Each structure stands twice: as C-alpha cells, then as structure tokens.
Amino acid sequence: MNRTVLGVLVSGRGSNLQAILDAIMAERLKAKIGVVISDTPDALALRRVAGFDIATAVIERRRFADKRAFEQAIARELGLHHVELLVLAGFTRILSGEFISQFAGRIMNIHPALLPAFPGLDAQAQAVDYGVRVSGCTVHFVDEGVDTGPIILQEAVPVLADDDEHALAERILHVEHKLYPRAIGLYCEGRLRIEGRKVIIGEKRQVL
Ligand code: GRF
C-alpha cells in the first residue's frame, strides 16, 4: 500500500510531531513524513527528527519581503517532497486564504480546546478562566478562518478545580498525542469526506 506523504509545519516543541513519528515507527500509522518545515531555526521539533531519514527545512518569515513570498517558499518545499497532507503541529502563523485554497481539504490542525469553544491563542487559559468543567482537543481541517474548519475528531478531558492553564494543557496534550495520529490515519485510509461543515468518517475497508 502506498503511504500518504505528510508535510509537517512546526514552530516549537514538536511533541505532536513526536507522537506522529512514534505512531509511524510503531506501524500504527501508515504514512511517511516527507518533510518537516519550521519557521524558527532552533525549534526543538527539528531535533526530534534528526537521525531519521526525514528532510527538514527552515523557512523564516523575516527572510521574505512579504507573507506571499514566505508561503510560496513553503509551498515549493512541499511540492519538492510530493506532500499530500499538510499537518500543522504547533505552527504559530496564520496561513493566508490563497495558500489554504491551494491545499483545500488537505491541511489539518490540532487545537487544545473543544471547538468552537476557545479558538485562537491560549485556549487552555481561556478554558480555565471561563470556568468550564470539561475541555479537550479538536483535530480539524483548516479553512480560511482561525480554528473554524470542519471537525474530524474531538476528545474531552475534565477541568479540575485546582487546575491552572499548565495542568490543563498537560492533560489535554496527553490526549492530543493519541488523537492526532488517529485523525491522520483516517485520512491516509481514505475515510474522510468533507460535506459542507461536516466531516464524514467512512467505514474501514476490508483488505482482502
Ligand atoms: C499543542 O497544544 C497544539 O494543540 C497547539 O500547539 C501545541 C503544539 O505543541 N496547536 P507541540 O509543539 O506539538 O508540542
């Protein structure tokens, strides 16, 4: 079976990248990471793939005259590595509508809240400050809004009385690491279909 080629966009710690890599190594996820692109040169994420046969690229915004040129450089790199699915894993920049339309239905993101609650930055702090009893994480396709795209998978975690944003972030992160590889796996198995706002998850096909 041909493995879906992933491009992973990162900016920092890369624990979700690690979870994806671990799932691939354990054959739980039948995909291949074609390239990891970071917009920050010293991202820990880049060090996580060192020693594996995985291409990396650093593409810094400040090296380009404008956002368009920056995104064109990213798109070029993805093309070079024949990336089919672009996975945002802690990438801190908002991609333009023009970029997203080039990869329509082929960009995923993970957000540390149960969307549509608490989109944008500091989702865990937003949840703690609001006083919700339950939060969680959401894997969704990326559309032109911020954290508004069709939802693929969600999982809830409790918010405990003495949680601060860090304790909640930790509890959510643990679930993120299971949920993201699972959602990517569904895509790789050809089981995700976008119908308007909804993502339909198809049956697992029998391999004869
Ligand atoms: C995660 O909490 C993810 O939900 C959010 O950014 C964080 C990235 O963490 N989009 P890491 O870089 O994968 O460790």
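Arg93 is partly exposed, its relative accessible area being 35%; here, buried means under 20% relative accessible area, exposed over 50%, and partly exposed in between, with a 1.4 Å probe and protein chains only. The structure is a predicted model, in which local features need pLDDT of at least 70 and side-chain atom pairs count only at pLDDT 80 or more, while totals for chains, interfaces and linings use all residues. Residues are numbered from 1 along each chain as its sequence is written, and side-chain values use heavy atoms, with hydrogens and water left out.

Arg93 takes part in a salt bridge with Asp39, with 2.8 Å between the closest N and O atoms. This pair links distant parts of the chain, 54 residues apart: Arg93 lies in the loop between β4 (85-88) and α4 (97-102), and Asp39 in the loop between β2 and α2 (44-48). Helices (H or I, at least four residues) and strands (E, at least two) are DSSP runs, numbered from the N terminus. In contrast to the partly exposed Arg93, Asp39 is buried, at 7% relative accessibility. A salt bridge is defined as a side-chain nitrogen of Lys or Arg within 4 Å of a carboxyl oxygen of Asp or Glu. Side chains of opposite charge can pair when their charged atoms come close.

Over the whole structure, twelve salt bridges are found. Among them, Glu189 and Lys204 meet through their side chains at 3.5 Å, N to O. Here too, distant parts of the chain are linked, 15 residues apart: Glu189 belongs to the loop between α6 (165-188) and β8 (192-195), and Lys204 to the segment after β9 (198-201). Glu189 is partly exposed at 31%, whereas Lys204 is exposed at 55%. A further salt bridge joins Arg62 to Glu60, with the closest N and O atoms 3.1 Å apart. Arg62 is exposed, with a relative accessible area of 63%, while Glu60 is buried at 11%.

A network of salt bridges links Arg3, Glu27 and Lys30. Glu27 is situated in the loop between α1 (15-25) and β2 (31-38) and is partly exposed, at 42% relative accessibility.

A positive phi, of about 55°, is likewise found at Asp122, which is not a glycine. Asp122 is located in the loop between β5 and α5 and is exposed, with a relative accessible area of 52%. Pro116 lies in the loop between β5 (107-111) and α5 (123-130). Leu115 and Pro116 are joined by a cis peptide bond, with omega about 10°.
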